[in-house]
Each structure stands twice: as structure tokens, then as C-alpha cells.
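Hello,

Here is the structure I promised to pass on to you.

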Amino acid sequence: MSTSCFVSQPGLTWFGWPMTLLLLLTAAGATQAQAPLTGRWGLRQIAFEAPATLPDSLQEKLFHSPAAETNIGITNGELTLVVEFRPDSTYTYTTTRGGRLVLTEQGTYSVRRNQLYTRSAQTTDEPLFNGQLLLELTRRKLLIQTPIWQPELQIFEQLEYERLPTVKK
């Protein structure tokens with residue numbers, strides 16, 4: 001003989017249980033996806049992913065883009081771009097050039113279906129990381145991608161970050 005127990009709460013029908021379970025699992029999944037992202041990340045390089053049939057004019061435009069200058073600045077140690085994702089779903093992004101603060105942005109973030117979403121009250125533009133796709137996330141490497149120019153061109157900017165040591169306060 002088996003016994004089953006069903007606990008009911010006012011306003012929650014049996015049909016509501018699957019939806020409640022789905023919402024709880026979705027929230028737990030978002031928290032789990034954010035956990036590996038938590039920490040400090042320094043930009044290592046910017047690259048582009050594009051079809052092999054990219055016209056010469058667009059290749060030239062990519063070659064002379066601000067990304068090239070950023071890569072040179074990172075390589076020679078003049079430029080640092082650091083983002084810190086905290087467990088409380090807040091982030092801080094800073095850019096320094098020659099040790100001087102150039103840009104900072106703070107806001108909140110979430111991860112859904114390998115997509116990074118950010119909100120910041122500090123900017124009237126789109127926040128820096130909003131809508132970027134998480135291509136790779138390991139203990140040491142974060143690779144994110146975003147489309148640039150017209151979507152039909154299928155040209156993507158890829159930003160590779162490396163995990164930095166935690167700053168003791």
C-alpha cells in the first residue's frame with residue numbers, strides 16, 4: 001500500500017505546479033550560469049570572425065578599427081580593460097591608459113541561454129556587455145561575441161578575457 005501527500009496552497013492549482021517548478025529551475029539555471037562568470041577579467045585581445053568572402057574594403061576597415069589600437073595598447077601594457085562580475089549580479093568595468101582612469105561603467109548583469117545582459121544607469125548608450133554571446137567560459141578564459149555592422153554580413157567581434165587574481169580590500 002502506498003501513500004501520497006499533496007500539499008495545496010491557496011490560488012495554486014495542480015496545473016500551476018509545473019509552471020512554478022519551471023520558474024524555479026530557470027532561476028536556478030541563471031544563478032548557476034552566473035557563478036563561473038563571477039570574478040575579475042582582463043581583456044587579452046579583440047578579434048573578428050567573418051566569412052572568408054569578406055570584401056577587401058571591409059577587411060581594410062576591420063584592420064584599421066579601434067580594436068587594432070586596443071590590441072596594440074594591451075600588448076605594450078599601456079592599456080588595461082578590466083571587468084569584475086560580482087556574485088550579487090553587479091559589475092564594474094574600467095579602462096585605464098598609462099595608469100590613468102579613462103572609462104568606468106557600473107551596473108547589473110544576468111546570463112540567460114549563454115547570453116550576457118547588462119543594465120547601467122550611468123550610460124544613455126547601450127551598456128558595454130548587453131546582448132553579448134558567451135562562446136567560452138572556463139576557469140581562466142572568457143570569450144564573448146557580438147555582431148557588428150549589418151547582421152546579414154555575419155561579422156562578429158570576439159573579446160577574449162583572462163581571469164585576474166582577486167584584489168584584496
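At 14% relative accessibility, Glu-160 counts as buried. Its partner is Arg-44, and the closest N and O atoms of this salt bridge are 2.5 Å apart. The two come from distant parts of the chain: Arg-44 sits in strand 1 (residues 39–49) and Glu-160 in strand 8 (residues 155–164), 116 residues apart. Arg-44 itself is partly exposed, with a relative accessible area of 43%. Please keep in mind throughout that this is a predicted model.

The structure holds three salt bridges. Another one joins Arg-97 to Glu-78, with 3.0 Å between the closest N and O atoms.

**The chain as a whole**

Stepping back, the protein chain has three helices and eight strands. Read from the N terminus, the order is α-β-α-α-β-β-β-β-β-β-β. Of the 169 residues, 30% are buried. The chain exposes about 11700 Å², and carbon and sulfur atoms supply 57% of that area. Among contacts with a separation of 6 or more, 45% are between residues 24 or more positions apart.

**Strand 2 and its partners**

Five of its seven residues are buried, so strand 2 is largely enclosed by the rest of the structure. Strand 2 pairs with strand 1 in the antiparallel sense over four bridges, and in this pairing Gly-39 stands opposite Phe-85. Strand 2 also runs antiparallel to strand 3, joined to it by seven bridges; here Val-83 stands opposite Tyr-93. Strands 2 and 3 form a hairpin with four residues between them, and Ser-89 in the turn has a positive phi of about 70°.

**Nonpolar cores**

Which residues touch the most other members of the largest nonpolar core? They are Leu-37, Val-83, Phe-85, Phe-129, Leu-142 and Tyr-161, out of 21 residues in that core. The elements giving two or more residues to it are strand 1, helix 3, strand 2, strand 3, strand 4 (100–112), strand 7 (141–148) and strand 8. Strand 2 gives the most, with four residues.

Leaving aside neighbours within four places in sequence, Val-83 is in contact with Gly-39, Arg-40, Trp-41, Tyr-91, Thr-92, Tyr-93, Phe-129 and Tyr-161. Apart from this core lies another one of five residues, including Leu-54, Leu-58, Leu-62 and Ile-155.

**Aromatic rings**

The count of aromatic pairs comes to six. In one of them, Phe-85 and Tyr-91 have ring centres 6.3 Å apart and planes at 40°; the angle lies between the limits of 30 and 60 degrees, so this pair is tilted. Phe-85 and Tyr-91 are both buried.

Phe-85 also pairs with Tyr-109, with 4.9 Å between the centres and 70° between the planes, and this pair is edge-to-face. It links distant parts of the chain, as Phe-85 is in strand 2 and Tyr-109 in strand 4, 24 residues apart. How buried are these two rings' residues? The relative accessibility is 1% for Phe-85 and 4% for Tyr-109, and both count as buried because the cut-off is under 20%.

Finally, Phe-85, Tyr-91, Tyr-93, Tyr-109, Phe-129 and Tyr-161 form one aromatic cluster.

Notes:
Residues are numbered from 1 along each chain as its sequence is written. This is a predicted model: local features need pLDDT of at least 70, side-chain atom pairs count only at pLDDT 80 or more; totals for chains, interfaces and linings use all residues. Side-chain values use heavy atoms; hydrogens and water are left out. Buried means under 20% relative accessible area, exposed over 50%, partly exposed in between (1.4 Å probe, protein chains only). Contact means heavy atoms within 4.5 Å. Accessible areas come from the Shrake-Rupley method with a 1.4 Å probe; for residues, only the protein chains shown count as cover. A salt bridge is a side-chain nitrogen of Lys or Arg within 4 Å of a carboxyl oxygen of Asp or Glu. Two strands pair if DSSP finds at least two bridges between them. A nonpolar core is a set of buried Ala, Val, Leu, Ile, Met, Phe, Trp, Tyr and Cys residues joined through side-chain atoms within 4.5 Å. Rings of Phe, Tyr and Trp (its six-membered ring) pair if their centres lie within 6.5 Å; planes under 30 degrees apart count as stacked, over 60 as edge-to-face and the rest as tilted.
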